[in-house]
Amino acid sequence: MTALMDYLPTGIQLVYLVSASLFIIGLKQLGSPATARNGNLLGSVAMFLAVVVTLLDQQVLNYELILVGIIIGSLIGAIAAKQVAMTAMPQMVGLFNGLGGAASALVAIGEFWRRLNQQQPIPIDANLSIILSVFIGGVTLTGSLIAFGKLQGLLTGAPIKFPLQQPINILLLIAFLGTTGYLLYDSINAPVFLVMTGISLLLGILFVIPIGGGDMPVVISLLNSLSGLAASAAGFVVMNNVLIISGALVGASGLILTQIMCKAMNRTLTNVLFGGFGTAEGTSSSGSSGGAVQQTVHSIDSEEGAMMLGYSKSVVVVPGYGMAVAQAQHVVRELADLLEKQGVEVKYAIHPVAGRMPGHMNVLLAEANVPYNQLYDMDDINPQFDQTDVALVIGANDVVNPAARSNQDSPIYGMPILEVDRAKHTIVIKRSLNTGFAGVDNELFYKDKTMMLFGSAKDMVNQLVSSVKEL
């Protein structure tokens with residue numbers, strides 16, 4: 001038994017190494033829709049191994065209490081996974097980010113309280129880890145809750161601003177730095193620690209409320225990165241190697257994804273966080289520059305749309321947030337199947353920031369069992385629009401606006417778009433001519449080759465399905 005105990009620490013570190021390797025491989029596989037499920041499974045196995053060996057490595061006082069927590073958490077997770085609709089996945093991801101930040105902060109708070117009760121001064125390196133974990137975790141928690149509220153409609157999706165907002169943020173940051181400096185001097189001062197924790201929670205709220213709902217893909221990926229950094233800091237608090245590594249992986253990948261999202265919008269991260277860009281959906285001004293110029297809109301009904309689709313050779317479906325809101329992904333797949341039976345080649349064009357979280361459209365289409373090989377990202381599909389007979393835009397707005405390419409006065413000028421206006425014909429399914437979150441009119445709606453099919457995405461696609469069946 002003694003010999004076995006001598007080898008146990010080495011065996012635990014080896015399992016940690018295996019776990020970290022599985023995290024890396026799983027993260028790599030998450031980069032493709034075709035391998036994402038397997039990547040998620042590898043990540044789950046890695047986390048299971050890490051949890052098991054951590055329980056063997058640490059001096060656990062009450063395994064029964066930990067088991068109760070695991071059972072309760074597993075039940076909540078299983079029920080949430082079954083009950084939450086795929087259209088609500090952005091809210092769920094945002095909430096998970098917040099819970100991850102909260103867990104890391106609680107680990108650090110627990111370590112601080114243990115030292116406080118034992119009246120043990122905290123070394124500077126451990127103290128810095130505790131402070132960083134509480135700060136990043138607190139910001140992630142409340143910031144994610146605000147993001148959840150915006151996505152769920154509990155808060156307005158428009159930027160929320162008030163007088164002296166930025167000066168107040170700066171003062172809070174100075175206060176946080178002040179409390180940090182004091183804690184480095186007096187490491188077990190409970191009142192100062194509580195003030196620092198409160199400042200962290202408040203900064204998370206003020207960090208997210210001025211960001212428009214249309215920027216949620218960027219916000220969610222950034223909060224995901226912060227939750228990883230908080231976990232990595234918590235790993236230093238408890239000196240757990242696999243927590244440090246896995247948190248760093250999440251933090252780095254989240255930052256990379258955030259940069260990809262910003263690039264897809266042709267905006268900097270500082271502009272997203274502090275620019276207050278975008279408005280709630282408003283009415284069209286009938287002019288790309290916001291003037292009162294009246295332009296012609298070509299409207300069709302479902303029968304005309306079905307004829308255009310059914311007698312074409314190639315169709316590219318462009319899903320957007322309107323498809324998600326209407327939960328139309330299944331009927332879109334049904335329409336695509338009908339068209340393919342008639343010999344039409346169907347593809348799907350995915351813009352990086354379509355929807356309300358990174359990969360939102362991929363998730364919805366995967367739920368409808370759309371084949372992965374039919375999904376094309378922006379760079380791959382744009383050169384093919386010239387040879388496309390019909391581009392079917394379902395609920396997308398800013399990501400297909402030609403003003404981003406041609407109008408230097410437009411707020412979205414320079415933003416990479418899906419160039420659906422280059423197709424031979426374009427059908428746009430939308431409730432109205434209202435602007436999207438950017439608050440600018442869409443030039444696509446007034447193009448000669450564009451046909452507007454007004455109505456709910458699900459209702460209109462259902463009508464297209466019925467009409468295609470009659471061809």
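This is a predicted model: local features need pLDDT of at least 70, side-chain atom pairs count only at pLDDT 80 or more; totals for chains, interfaces and linings use all residues.

Me: What kind of pair do the rings of Phe112 and Phe193 form?
Reply: Their centres are 3.9 Å apart and their planes lie at 5°. Planes under 30 degrees apart meet the cut-off, so the pair of Phe112 and Phe193 is stacked.

Me: How many residues apart in sequence are the parts that this pair of Phe112 and Phe193 ties together?
Reply: Phe112 belongs to helix α4 (residues 89-117), while Phe193 belongs to helix α7 (residues 190-208). The pair therefore ties together parts whose separation in sequence is 81 residues.

Me: Which residue do ring pairs link with Phe112 and Phe193 into a cluster?
Reply: The structure holds 6 aromatic pairs. Ring pairs join Phe112 and Phe193 in a cluster with Trp113.

Me: Which class does the aromatic pair of Tyr182 and Tyr185 belong to?
Reply: Both residues are in helix α6 (residues 165-185), 3 residues apart, or about one helical turn. Tyr182 is partly exposed at 39% relative accessibility, and Tyr185 is exposed at 70%. The ring centres are 6.1 Å apart with 70° between the planes, and the pair is edge-to-face.

Me: What does helix α17 reach from its first C-alpha to its last?
Reply: Helix α17 (residues 457-469) has 13 residues. At 1.5 Å a residue, 18 Å is expected, and the helix comes close to that with a reach of 18 Å.

Note on methods
Residues are numbered from 1 along each chain as its sequence is written. Side-chain values use heavy atoms; hydrogens and water are left out. Rings of Phe, Tyr and Trp (its six-membered ring) pair if their centres lie within 6.5 Å; planes under 30 degrees apart count as stacked, over 60 as edge-to-face and the rest as tilted. Helices (H or I, at least four residues) and strands (E, at least two) are DSSP runs, numbered from the N terminus. Buried means under 20% relative accessible area, exposed over 50%, partly exposed in between (1.4 Å probe, protein chains only). The expected span of a helix is 1.5 Å times one less than its number of residues.
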